[in-house]
Amino acid sequence: MIKGAIFDIDGTLYDYHANDKIAMKKLCDFVKEKFGIEEEEFMEIYGRARSIVKMRLTEGASQHNRILFCQTALELIGQNPFIYAVDMYDIYWNTFLSEIKPFDGAIEFVRELKASGIKTAVCTDMTAHIQFRKLKKLGFAELIDYIVTSEETGLEKPSPAMFNLALEKLNMDPHEAVYFGDSLERDIYGSAKVGITPFWLTAVSPEFLPDDPPYFAFSSYDELDAKNPGKLFLKMDTREEVE
Ligand SMILES: [Mg+2]
């Protein structure tokens with residue numbers, strides 16, 4: 001019997017790319033005003049800064065930390081990170097958070113699960129601080145029981161450490177939980193590998209839909225019968241398509 005639902009955050013509970021685009025535009029406007037660097041050039045510099053940070057760290061949540069991207073970008077353009085890095089970080093995230101909205105039906109879906117006695121967790125490859133801010137702004141603060149970040153485990157999805165810690169917090173075996181995510185590599189393969197049944201949000205059309213591992217594909221929360229999770233999850237035993 002399914003007793004727990006674990007969710008990825010970015011791209012699963014809200015549209016990450018739409019918000020990133022708006023926030024990056026605002027950051028580029030600031031950089032142009034301060035340093036006279038055009039958007040296209042700064043995007044290239046910022047991309048390079050990001051690659052440098054990721055290359056140095058290789059694993060863990062800090063490789064997504066935008067204070068490091070801003071610091072490194074400022075180092076690349078010869079500007080003082082002590083003066084500008086925090087401002088740039090705040091411009092990005094404050095813009096991002098001001099625009100953030102849950103996917104249609106996501107709040108209602110999680111609320112219905114909770115009402116049916118399903119425990120909930122999020123499992124995310126990011127630093128804890130920003131994920132707490134996102135969840136609160138999105139309206140999930142009262143609806144999620146536990147959080148696991150890669151900052152906490154030191155490892156990122158698809159590492160089993162991420163999924164196992166979520167199960168440990170939920171106090172459940174893998175067959176008692178389902179997982180909702182948007183990344184085939186990280187979420188679907190990762191959760192399936194530890195024995196959790198994955199639900200793959202394919203809102204952005206995937207290049208291909210593999211046959212293995214077994215998963216349920218859905219393109220919006222309205223497709224899932226939130227009012228009857230017992231019935232929804234029962235289908236998993238028979239591996240029927242989610243209608
Ligand atoms: Mg995601």
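Let me start at Gly195, which comes after helix H9 and has a positive phi, near 95°. Helices here are DSSP runs of H or I of at least four residues, strands are runs of E of at least two, and both are numbered from the N terminus. H9 itself covers residues 184-193, and its buried residues are Asp187, Ile188, Gly190, Ser191 and Ala192. Buried means that 20 or more other C-beta atoms lie within 10 Å of the residue's own; exposed means 12 or fewer, partly exposed is in between, and the C-beta atoms are placed from the backbone. The cover over those H9 residues includes helix H8 (160-170), strand S4 and strand S5 (197-201).

Before going on, two remarks on the model. This is a predicted model, in which local features need pLDDT of at least 70 and side-chain atom pairs count only at pLDDT 80 or more, while totals for chains, interfaces and linings use all residues. Residues are numbered from 1 along each chain as its sequence is written.

Now the sheet. It is open, has 6 strands in the order S3-S2-S1-S4-S5-S6, and its pairing is parallel. Two strands count as paired if DSSP finds at least two bridges between them. At the edges are S3 (146-149) and S6 (216-218), each pairing on one side only. From one strand to the next the twist averages 20°, with axes as lines fitted to C-alpha atoms, for helices over the stretch in contact, and angles between N-to-C directions running from 0 to 180 degrees.

Take strand S1, residues 4-7. Gly4 and Ile6 point one way, Ala5 and Phe7 the other, and all are buried. S1 pairs with S2 in the parallel sense over 4 bridges, and Gly4 is opposite Lys119 of S2. S1 also pairs with S4 (residues 177-181), again parallel and over 4 bridges; there Ile6 is opposite Tyr179. Further out, S2 (residues 119-124) is joined to S3 by 4 bridges, running parallel, and Ala121 has Tyr146 of S3 as its bridge partner.

Which residues touch the most other members of the largest nonpolar core? They are Ile6, Ala121, Cys123, Ala166, Ala177 and Val178, out of 58 residues. Such a core is a set of buried Ala, Val, Leu, Ile, Met, Phe, Trp, Tyr and Cys residues joined through C-beta atoms within 7 Å. Domain 1 (4-15 + 101-238) and domain 2 (17-99) each give this core at least three residues. Leaving out residues up to four places away in sequence, Ala166 touches Ile6, Ala121, Cys123, Tyr146 and Val148.

On to the two domains, whose bounds come from an automatic or database domain assignment. Their centres, taken over C-alpha atoms, are separated by 28 Å. Contact (C-beta atoms, placed from the backbone, within 7 Å) involves 14 residues of domain 1 and 10 residues of domain 2. On the domain 1 side, helices H6 (128-138) and H7 (150-153) each supply at least two residues. H6 gives the largest share, 4 residues.

Last, Met43, which is found in helix H2 (residues 39-57). Why is Met43 classed as partly exposed? Because 16 other C-beta atoms lie within 10 Å. Its C-alpha atom is separated by 37 Å from that of Glu142, 99 residues apart along the chain.

Technical notes: Two residues are in contact if their C-beta atoms, placed from the backbone, lie within 7 Å.
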